[in-house]
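This briefing concerns the pockets of one protein model and the residues that line them.

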Amino acid sequence: MSLETTFERRSLPLEYPFTIARGTETESEVVTVHVEDEDGRVGIGGAGPSPHYGETVATVEAVLPDLLAVVEEIDDPHNLARIERRMRETVERNPAARTAVSIACHDLAAKRLDVPLYQYWGLDPADTLETSYTIGIDDTESMREKTETALERGYGRLKVKLGTDRDIEIIRTIRSVAPDVDLFVDANEAWTPREAVRKIERLTEFDLEFVEQPVPAENREGLRFVYERSALPIAADESCVTLEDIPQIADRCDIANLKLMKCGGLREAKRMIHTARAHGLEVMCGCMTESNASIAAAAHLAPLLDYADLDGSLLLADDPYDGVSMPDGRIDLVALERPGTGAALE
Ligand SMILES: [Mg+2]
């Protein structure tokens with residue numbers, strides 16, 4: 001075999017400026033990786049790097065030549081265990097860059113067998129779920145309008161970004177126009193532990209499913225403080241980056257929110273899912289603002305999840321990549337008619 005690899009940067013405008021507690025972005029900067037075999041089959045993978053975890057498109061582009069050299073040297077897209085292990089030995093950090101290559105190799109391996117990725121993994125495509133759709137921070141009236149638009153589009157699970165001085169007003173407003181949707185909130189580390197406990201007490205009347213990342217990740221005792229006093233389940237996102245974090249958070253949250261761009265690969269993501277379950281946690285898979293070059297792969301994990309927060313492509317103004325379709329938010333693996341992850345340039 002002789003694998004050929006390339007990568008390219010893309011700037012993808014978001015439909016709305018996307019604001020969370022620590023900042024705003026107006027476009028998603030991604031890097032797409034291609035791994036091609038001797039028969040012209042092309043595996044596609046994407047990196048959606050997050051500055052919060054120390055990555056940008058520039059750092060992704062800086063390490064991709066070394067990572068792709070690993071793939072070319074191993075020269076076997078089916079040996080995914082060796083590829084992920086050797087990539088980690090070559091570039092310890094840069095998980096989004098490693099993930100892009102991991103996805104491209106998984107996509108190619110499944111395409112070579114002419115099966116969708118979930119089938120390559122032996123998963124049940126009917127055992128799927130509905131992704132949440134995120135309402136970013138904005139003035140309260142705009143958040144109400146975006147909620148109404150989301151309802152018109154059929155989404156039945158909404159995630160609302162909080163971490164403002166009007167968090168209760170925001171949720172009261174959104175609940176008033178969306179009385180029946182499944183709703184949860186994400187503070188993105190914005191609250192102090194005592195503030196979190198107070199706010200969660202007030203939020204309980206709005207029938208929320210859970211609260212994501214109430215306090216800063218480095219405040220592990222603060223997370224426990226909130227967890228022990230919260231009437232709502234707690235999800236850990238910024239506190240749950242790699243496999244090694246799972247035992248650390250197991251006694252201070254209910255839900256582990258893993259992301260491909262944090263953990264460094266699809267095999268690593270599956271390892272985190274099973275480890276989280278073994279520790280009694282529920283499992284969510286989230287994402288950054290990403291294209292279907294990477295979201296499509298995450299969608300194949302749906303049968304293993306309790307919650308999917310895979311709206312990265314849905315938040316783009318126009319994703320150049322098709323992926324796994326999500327009518328009304330439902331991740332429809334059964335309808336996928338392409339092999340691999342389903343990522344394809346439109
Ligand atoms: Mg989050």
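The second largest pocket lies between domain 1 (4-115) and domain 2 (120-345), because both give residues to its lining; the domain bounds come from an automatic or database domain assignment. The model is predicted: local features need pLDDT of at least 70, side-chain atom pairs count only at pLDDT 80 or more, and totals for chains, interfaces and linings use all residues. Residues are numbered from 1 along each chain as its sequence is written, and side-chain values use heavy atoms, without hydrogens and water.

**Terms**
- A pocket is an open set of points on a 1 Å grid over the protein atoms alone, where a 1.4 Å probe fits, with protein on both sides within 12 Å along at least five of seven lines; lining residues have an atom within 4 Å of a point.

**Second largest pocket**
- Its volume, the space filled by probe spheres set on the points, is about 200 Å³.
- Among its lining residues are Tyr53, Glu55, Arg88, Lys262 and Cys263.
- Two or more lining residues come from each of α3 (95-112) and α10 (260-263), helices being DSSP runs of H or I with at least four residues and strands runs of E with at least two.
- The lining comprises four nonpolar, two polar and six charged residues; Asp, Glu, Lys and Arg count as charged.

**Largest pocket**
- This pocket holds about 650 Å³ of space.
- It is lined by 32 residues, of which Glu25, Ser50, Pro51, Met288 and Thr289 are the closest to its centre.
- β2 (23-36) is one of the elements that supply at least two lining residues, and it gives the largest share, six residues.
- The lining divides into nine nonpolar, eleven polar and twelve charged residues.
- Domain 1 (4-115) and domain 2 (120-345) each contribute at least three residues to this lining.
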